[in-house]
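Student: I have a structure to go through with you. Can we take it in short questions and answers?

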Amino acid sequence: MLLKVYNLTKSYFKGKLEIPALREVSFELSEGDFISIVGKSGSGKSTLLNLIGGLDTATSGHIYFRNKDLWDMSRTDLAQHRKYSVGMIFQSFNLIASRNAVENITLALTFGGVPRKDRKQIAIGLLSQVGLEHRIYHKPSELSGGEAQRVAIARAMANNPSLILADEPTGNLDSITSNEIIGLLQQLNKEHGITVIMVTHDQENAKRISKKVIRLHDGRIVKDME
Ligand SMILES: Nc1ncnc2c1ncn2[C@@H]1O[C@H](COP(=O)(O)OP(=O)(O)O)[C@@H](O)[C@H]1O
Ligand SMILES: [Mg+2]
């Protein structure tokens, strides 16, 4: 088992006001799975991905990654988890605007401790893998939405993660481009065995491509469709 989420609860506090974002969420994921998370805006989807990615900490409950509880990890282990175990992709791409495609990726490789002399070649290889070898010196503003998301996917792959967390990766894209991006994620899943958790609004696509669809409502899993 790659990931086990158990009774995961997360509340945000505004002064004394408790805002429950996730309530007792449990599910499991095997290596190589492709699952989707659907649910209305505000249902807790991003909160769940951020907790799994180690960007935030839960109020209670557990996340086991390869049987290691994120709670028990030292700060160093958690930093390793963020760097090497997971790769994150966002709706708004989150690329660095002043850097071109290849630099956006070499930066991620720098954080991953890849020696300087190897970075550019690896970055170009990753960009080729996502079909962008002809755009490596383009800045984000010079790329289409679909191309920018490809760069973001290449960056997410930079440090060889086992798990890709994609938060509405097609939310800013037209339907044709969305299908291409989903196809790319499927390809990474099938050909490289990368496990994918994708948050999406597109229920039909979710059902079509995923082994399992988790539906959140007010922070709870309401349906869990195999
Ligand atoms: N940093 C925060 N502070 C307070 N409330 C938050 C914060 N982040 C999210 N929330 C609240 O938690 C709930 C779940 O949010 P989120 O996980 O972003 O939902 P989704 O991604 O499904 O739209 C929402 O009610 C949201 O307003
Ligand atoms: Mg969200």
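Student: Is strand β6 largely enclosed or largely open?
Tutor: This is a predicted model, in which local features need pLDDT of at least 70, side-chain atom pairs count only at pLDDT 80 or more, and totals for chains, interfaces and linings use all residues. Residues are numbered from 1 along each chain as its sequence is written, chains are lettered from A and ligands numbered from 1 in the order in which they are written, and side-chain values use heavy atoms, with hydrogens and water left out. Buried means under 20% relative accessible area, exposed over 50%, partly exposed in between (1.4 Å probe, protein chains only). Four of the five residues of β6 (residues 86-90) are buried, so the strand is largely enclosed by the rest of the structure.

Student: In the open sheet of four strands, which are the edge strands?
Tutor: The order is β2-β1-β4-β5, with antiparallel pairing. An edge strand pairs on one side only. The edge strands are β2 and β5 (68-69).

Student: How many bridges join β1 to β2?
Tutor: Strand β1 covers residues 3-14, and β2 covers residues 17-29. Val5 stands opposite Phe27 in β2. The two strands run antiparallel, and the number of bridges is nine.

Student: Is Asn94 buried, partly exposed or exposed?
Tutor: Asn94 sits in the loop between β6 and α3 (101-111). Its phi is also positive, near 55°. Its relative accessibility is 40%, so Asn94 counts as partly exposed.

Student: Which residues of helix α1 are buried?
Tutor: Helix α1 covers residues 45-52. Six of its eight residues are buried, so α1 is largely enclosed by the rest of the structure. After α1 comes Gly54, with a positive phi near 75°. The buried residues are Lys45, Thr47, Leu48, Leu49, Leu51 and Ile52.

Student: What does His81 contact, leaving aside neighbours within four places in sequence?
Tutor: His81 lies in helix α2 (residues 75-85). It is buried, with a relative accessible area of 2%. Contact means heavy atoms within 4.5 Å. On that basis His81 touches Ile52, Gly53, Gly54, Phe65, Leu70, Met73 and Val86.

Student: How are helices α5 and α6 oriented to each other?
Tutor: Axes are lines fitted to C-alpha atoms, for helices over the stretch in contact, and angles run from 0 to 180 degrees between N-to-C directions. Helix α5 (residues 145-156) and helix α6 (residues 175-192) pack at about 20°, with axes 10 Å apart. Angles under 35 degrees count as roughly parallel, over 145 as roughly antiparallel, 65 to 115 as roughly perpendicular and the rest as oblique. So α5 and α6 are roughly parallel.

Student: How do the residues of that contact divide by class?
Tutor: Gly146, Gln149, Arg150 and Ile153 of α5 meet Thr177, Glu180, Ile181, Leu184, Leu185 and Leu188 of α6. Ala, Val, Leu, Ile, Met, Phe, Trp, Tyr, Cys and Pro count as nonpolar, Asp, Glu, Lys and Arg as charged, and the others, Gly among them, as polar. The contact of α5 with α6 has five nonpolar, three polar and two charged residues.

Student: Which residues of α5 meet α3?
Tutor: The axes of α3 and α5 come within 9 Å and cross at roughly 20°. The two helices are therefore roughly parallel. From α3 come Ala101, Asn104, Ile105 and Ala108. From α5 come Val151, Ala154 and Arg155.

Student: How far is Asn205 from Leu109 in space, C-alpha to C-alpha?
Tutor: Asn205 lies in helix α7 (residues 203-209). It is buried, with a relative accessible area of 7%. Asn205 and Leu109 are 96 residues apart in sequence, and their distance in space is 32 Å.

Notes
Two strands pair if DSSP finds at least two bridges between them.
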